[in-house]
Amino acid sequence: YRAVAEAATQAPPRKPAAPKVPPPPKAPNAWTAGEGFWPDHPTAWRAMHDGFVARARQGDADLLFLGDSITQGWGGQKELWAKHYAPRKAVNFGVGGDGTPQLLWHLDHGAVDGLKPKAVVLMIGTNNRWRGDATPDTLAKGVAAVLDKLKAKLPGAKVLLLGIFPTYPKPDHPDRKLFTEANKKLAALADGDRVVFLDLTDKFLEPDGTLTKEMMPDYLHLSPKGY
């Protein structure tokens, strides 16, 4: 009886603590995405990530878009999306301000777990330049890391790797030259099978190489015509 009484008074064994999800990377400055990136919506970045995780768990997506605000901007092109991509069972996981470090964080923390898309449309890298020390090599290295991660996470998916879009109105701007050289290195990441590279730069430019507001009103984000 004593043994039974002592056993009855013992506290029940504790369940193992659920693994903690690491906090998202903090936005260290005004040009690097992360938690607090948008001062007026300080939790929006994490909320978007959590939304991707929830959507990924549902599965049932054949086409996955990954990228930054240019990719996210498809959300404002509802008619075009409904016509060209919704029938392909597409989902859009673009996040404004993201560069390759942020996209890698998304991928490492559940953003695609549960998905088995046939194809991924990837365009990332334009925001990497804001660090101030970006080179064609560092941009390509970041994109290569994303491709490696996608190969591990989504081994059955082919990847359409888009070149970094042009920016600024004049073709002699340093960032234009940076992206031109970076795109050459991104092209070398394609194998023509699992990864296919497509550079759309010329589609956005005038014959003289200038970029107009009709195509990109702020010389970065696409207009409806651009999309």
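Q: What should the 15 residues of helix 2 span at 1.5 Å a residue, and how far apart are its end C-alpha atoms?
A: This is a predicted model. Helix 2 covers residues 44-58 and should span 21 Å, and its end C-alpha atoms are 21 Å apart, so the two values agree.

Q: Which residues of helix 2 are buried?
A: W45, R46, H49, F52, V53 and A56 are buried in helix 2. They cover an arc of only 115° around the axis, which means they sit on the same side of helix 2.

Q: What do the buried residues of helix 2 pack against?
A: They pack against strand 2 (90-94) and helix 5.

Q: At what angle do helix 2 and helix 5 pack, and how far apart are their axes?
A: The angle between helix 2 and helix 5 is about 45°, and their axes are 10 Å apart. That angle makes helix 2 oblique to helix 5. The crossing of helix 2 with helix 5 is right-handed.

Q: Which residues make the contact?
A: Helix 2 contributes W45, R46 and H49, while helix 5 contributes Q102, W105 and H106.

Q: H106, then. Is it buried or exposed?
A: H106 is part of helix 5. With a relative accessible area of 2%, H106 is buried.

Q: What does H106 touch, leaving out residues up to four places away in sequence?
A: H106 touches W45, H49, V95, D98 and A111. W45 and H49 are also among the buried residues of helix 2.

Q: Back to helix 2. Is A54 buried, partly exposed or exposed?
A: A54 is found in helix 2, and its relative accessible area of 40% makes A54 partly exposed.

Q: How far is the C-alpha of A54 from that of G110?
A: The C-alpha atoms of A54 and G110 are separated by 8.8 Å, with the two residues 56 apart along the chain.

Q: Where is D60, and is it buried or exposed?
A: D60 is found in the loop between helix 2 and strand 1 (63-67). Its relative accessible area is 55%, so D60 is exposed.

Q: And Y219, what is its phi?
A: Phi of Y219 is near 65°, a positive value in a residue other than glycine. Y219 lies in the segment after helix 8. Its relative accessibility is 22%, so Y219 counts as partly exposed; the cut-off for buried is under 20%.

Q: New topic: helix 5 and helix 6. What are the angle and the axis separation?
A: Helix 5 (residues 100-108) and helix 6 pack at about 15°, and their axes are 9 Å apart. The two helices are therefore roughly parallel to each other, as angles under 35 degrees count that way.

Q: What is the handedness of that crossing, left or right?
A: The crossing of helix 5 and helix 6 is left-handed. On the helix 5 side, T100, L103, L104, L107 and D108 make the contact, and on the helix 6 side G142, V143, A145, V146, K149, L150 and K153 do.

Q: On to helix 7. How many residues does it have, and how far does it reach?
A: Helix 7 (residues 174-187) has 14 residues and reaches 20 Å from its first C-alpha to its last, close to the 20 Å expected at 1.5 Å a residue.

Q: Which residues of helix 7 are buried?
A: D175, R176, L178, F179, A182, N183 and L186 are the buried residues of helix 7. The arc they cover around the axis is only 155°, so they lie on the same side of helix 7. The face turned away from that buried side carries the exposed residues P174, K177 and K184.

Q: What covers the buried residues of helix 7?
A: The cover includes helix 6 (136-153), strand 4 (158-162), strand 5 (195-198) and helix 8 (201-204).

Q: Last one, the chain overall. How many helices and strands?
A: The chain has 8 helices and 5 strands. Along the sequence they follow the pattern α-α-β-α-α-β-α-β-α-β-α-β-α. Of the 227 residues in the chain, 42% are buried. Among contacts between residues at least 6 apart in sequence, 71% join residues at least 24 apart.

How values were computed. Residues are numbered from 1 along each chain as its sequence is written. This is a predicted model: local features need pLDDT of at least 70, side-chain atom pairs count only at pLDDT 80 or more; totals for chains, interfaces and linings use all residues. Side-chain values use heavy atoms; hydrogens and water are left out. Helices (H or I, at least four residues) and strands (E, at least two) are DSSP runs, numbered from the N terminus. The expected span of a helix is 1.5 Å times one less than its number of residues. Buried means under 20% relative accessible area, exposed over 50%, partly exposed in between (1.4 Å probe, protein chains only). The arc is that of the directions from the helix axis to the C-beta atoms. Contact means heavy atoms within 4.5 Å. Axes are lines fitted to C-alpha atoms, for helices over the stretch in contact, and angles run from 0 to 180 degrees between N-to-C directions. Angles under 35 degrees count as roughly parallel, over 145 as roughly antiparallel, 65 to 115 as roughly perpendicular and the rest as oblique. A crossing is left-handed if the near helix is turned anticlockwise from the far one by less than a right angle, and right-handed if clockwise.
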